[in-house]
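Open the model in your viewer and keep the sequence panel beside it.

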Amino acid sequence: MYLTKFLINKKFQFKRSNVLKYVSSTMLSNAYRTISNWKSYNVTPLYTLDKLKKNLKVNNIFYKDESKRFHLKSFKALGGAYAVEKISKGKKNIIISSATAGNHGKSVAWGAQRLKLKCKIFVSQFVSEARVKEIKKFGAEVIRVKGNYEDSLKKCQELSKKNNWKIVQDVSTKDYKYIPQLTMAGYSILIKEISKQTNEYITHILLQAGVGGLAAGVVAGVAKYFRRIPKIIIVEPDKADCVLQSIKGKKIKKIKIKKESIMGGMSCNEMSLVPWQILKNASNCCVSISDKNIAKTVAGLKDKKFSKTSIIGGECAAPGVIALIGLCNNVKASKFLNIDRTSNILVIGCEGNADVKLYKQLLSKGRK
Ligand SMILES: Cc1ncc(COP(=O)(O)O)c(C=O)c1O
C-alpha cells in the first residue's frame with residue numbers, strides 16, 4: 001500500500017492571475033534576480049528517473065535534486081536566507097530572529113551569516129541537539145524554550161518586540177504575510193530553473209507539504225514560468241495531513257498530530273494562510289502516505305533502483321516518488337489525473353542527507 005488517502009479537490013480551478021495575486025510576479029522576478037546572483041549559486045540537477053518511468057509506463061519522470069542546493073542540502077536554503085537579505089536592505093546593525101523546528105532556522109542563520117548580521121534562533125525543547133548544532137554552525141545564537149514550537153514562537157515574538165529584532169518566519173497569518181511571501185518567492189526558483197532545463201511540457205507535479213510554503217511557492221512559479229499548467233498533487237504524511245484535511249473541509253483545519261512522522265519537515269498541524277489561499281484552488285488533489293516506504297525509497301534512490309544516477313534523497317525527498325508509485329497503481333487516481341504513456345511527471349527531491357544520522361539509519365534499514 002503506497003497511498004493512505006486520495007482526495008479530489010472539488011474546488012479546483014487554476015487561474016494564473018489568482019495565484020499571482022497572493023505572491024506577485026514582481027516578487028518572483030526579484031527573488032530570481034537576487035538569488036541567482038549569489039556567489040555560490042548553481043542550478044540544481046534535473047534527473048530523469050528512467051528505470052521508474054519504464055515500470056510505471058509513463059513518458060518521463062523528472063526529479064529535481066535539491067540535495068545540491070547550496071551547502072544546506074535542501075530547497076529551504078532559498079527561502080529564509082532570501083527573506084533575510086530582503087528585509088535587512090543592506091543594513092549591518094540589525095539583529096535577525098526566528099523560531100524554528102530546524103530547517104527554516106538553518107536557512108535564516110545562513111542568510112544572516114552571509115550578510116554578517118547577528119541572529120537569534122528560538123527552538124522548543126523537542127528540537128534535537130543535532131539540529132541545534134547545525135544552526136550554530138552558521139554563527140547563530142540558539143535559545144531553547146520550554147514547551148512546543150508555538151511556545152518558542154511566542155518567546156521569539158516577545159523578545160523581538162522588546163529588543164527590536166527583525167523576525168523572519170516562513171508561516172503566514174492574517175497580520176504577517178510579507179516575509180513568508182518572500183520565502184515562497186525564493187522557492188519558486190525551482191520552476192524558473194526547470195523551465196530552462198527541459199523543453200518537454202510537464203503534465204503533473206507532486207509537491208510535498210508541511211505548512212504548504214514549498215507547494216505554494218512552486219505553484220506560483222508554475223503560474224509565472226510554465227506555458228502549460230500541469231496537474232498539481234499535494235503529498236503529505238498520513239500522520240500530519242493538514243492540507244488534505246483543509247481542502248476536504250474547505251477551510252484551514254488544525255489537526256492533532258498523534259505521532260510524529262519520520263518525514264520531520266512535513267510534520268505540521270496547520271497550514272500557513274497564503275499557501276492556503278493559493279492551494280485551495282490550484283491543487284487538483286491531495287494524497288497522504290505512511291512512513292512505511294520511506295527507508296526503502298531513500299535506499300532505492302541511492303542504489304540506482306529508479307535511475308542510472310545515484311541520488312541522495314532524504315526522508316522528505318522520498319515522498320514524491322512513493323506517492324507517484326501509489327497514484328500509478330491506483331486505477332481511480334490515475335484515471336482522474338490522466339496519467340498515461342504521454343505523461344511527463346515532476347517530483348521534487350526536496351532534501352538530501354540534511355540530517356546525516358537519520359539518513360544513514362534510513363539507508364541501512366532500507367537495504368535490509
Ligand atoms: C526538508 C523539508 N522541510 C519542510 C518541508 C515542508 O515545507 P512547507 O512547510 O513549506 O510546506 C519539506 C517539504 O515539503 C521538506 O522537504
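A residue is buried if 20 or more other C-beta atoms lie within 10 Å of its own. Keep that cut-off in mind for this tour. One more point before we start: the model is predicted.

**Stop 1: helix α9**

Select residues 189-197, which form helix α9. Which residues of this helix are buried? They are I189, L190, I191, K192 and I194. Now show what surrounds them. The buried residues of α9 pack against the helices α2, α8 and α10. They also pack against the strands β2 (46-48), β3 and β11. As you turn the helix, remember a general rule. An α-helix has 3.6 residues a turn, so residues three or four places apart point the same way.

**Stop 2: G186 in helix α8**

Step back to G186, which is found in helix α8. Is G186 buried or exposed? G186 counts as buried, because it has 31 C-beta neighbours inside 10 Å. G186 and S29 are 157 residues apart along the chain, yet their C-alpha atoms are separated by 9.6 Å. Next, show the contacts of G186. Leaving out residues up to four places away in sequence, G186 touches A31, I35, L78, G79 and Y82.

**Stop 3**

Zoom out. Where they touch, domain 1 gives 11 residues and domain 2 gives nine residues. On the domain 1 side, α2 (25-35) and α8 (178-187) each supply at least two residues. The largest share of that side comes from α2, with three residues. What kinds of residues make up that side of domain 1? Four are nonpolar, five are polar and two are charged.

**Stop 4: the largest nonpolar core**

Select L207, V218 and V219. Of the 115 residues in the largest nonpolar core, these three touch the most other members. Helix α10 provides the largest share of this core, eight residues. Domain 1 (5-74 + 183-367) and domain 2 (80-169) each give the core at least three residues. Stay with L207 and show its contacts. Neighbours within four places in sequence aside, L207 is in contact with L214, A215, V218, I232, I233, I234, V235 and I348.

**Stop 5: around the ligand**

Select α10 itself, residues 213-225. This helix gives the most to the shell around the ligand, with three residues. Which of the 17 residues around the ligand come nearest? Select G210, G213, G265, C316 and C350 to see them. The whole shell divides into eight nonpolar, seven polar and two charged residues.

**Stop 6: a four-stranded sheet**

Switch to cartoon view. Find the open sheet of four strands with the order β6-β5-β4-β7 and parallel pairing. β6 (141-145) and β7 (166-167) stand at the edges. Each has a single partner strand, so one side of each is left without a neighbour in the sheet. Strands of a sheet pair through backbone hydrogen bonds, either parallel or antiparallel.

Now select β4 (residues 95-100) and β5 (residues 118-124). This pair runs in the parallel sense over six bridges. Look for two facing pairs. I96 stands opposite C119 in β5, and A99 stands opposite F122 in β5. Why is β5 largely enclosed by the rest of the structure? Five of its seven residues are buried, so the rest of the structure largely encloses β5.

**Stop 7: two positive phi angles**

Finish with two loop residues. Select F70, in the loop between β3 (60-65) and α4 (80-88). F70 has a positive phi of about 45 degrees although it is not a glycine. F70 is buried, with 20 other C-beta atoms within 10 Å.

Then jump to N338, in the loop between α15 (331-336) and β11 (344-349). Phi of N338 is near 55 degrees, also a positive value in a residue other than glycine. Is N338 buried or exposed? N338 is exposed, with 11 other C-beta atoms within 10 Å.

How values were computed. Residues are numbered from 1 along each chain as its sequence is written. This is a predicted model: local features need pLDDT of at least 70, side-chain atom pairs count only at pLDDT 80 or more; totals for chains, interfaces and linings use all residues. A residue is near a molecule or strand if its C-beta atom, placed from the backbone, lies within 6 Å of it. Ala, Val, Leu, Ile, Met, Phe, Trp, Tyr, Cys and Pro count as nonpolar, Asp, Glu, Lys and Arg as charged, and the others, Gly among them, as polar. A nonpolar core is a set of buried Ala, Val, Leu, Ile, Met, Phe, Trp, Tyr and Cys residues joined through C-beta atoms within 7 Å. A residue is buried if 20 or more other C-beta atoms lie within 10 Å of its own, exposed if 12 or fewer, and partly exposed in between; C-beta atoms are placed from the backbone. Domain bounds come from an automatic or database domain assignment. Two residues are in contact if their C-beta atoms, placed from the backbone, lie within 7 Å. Two strands pair if DSSP finds at least two bridges between them.
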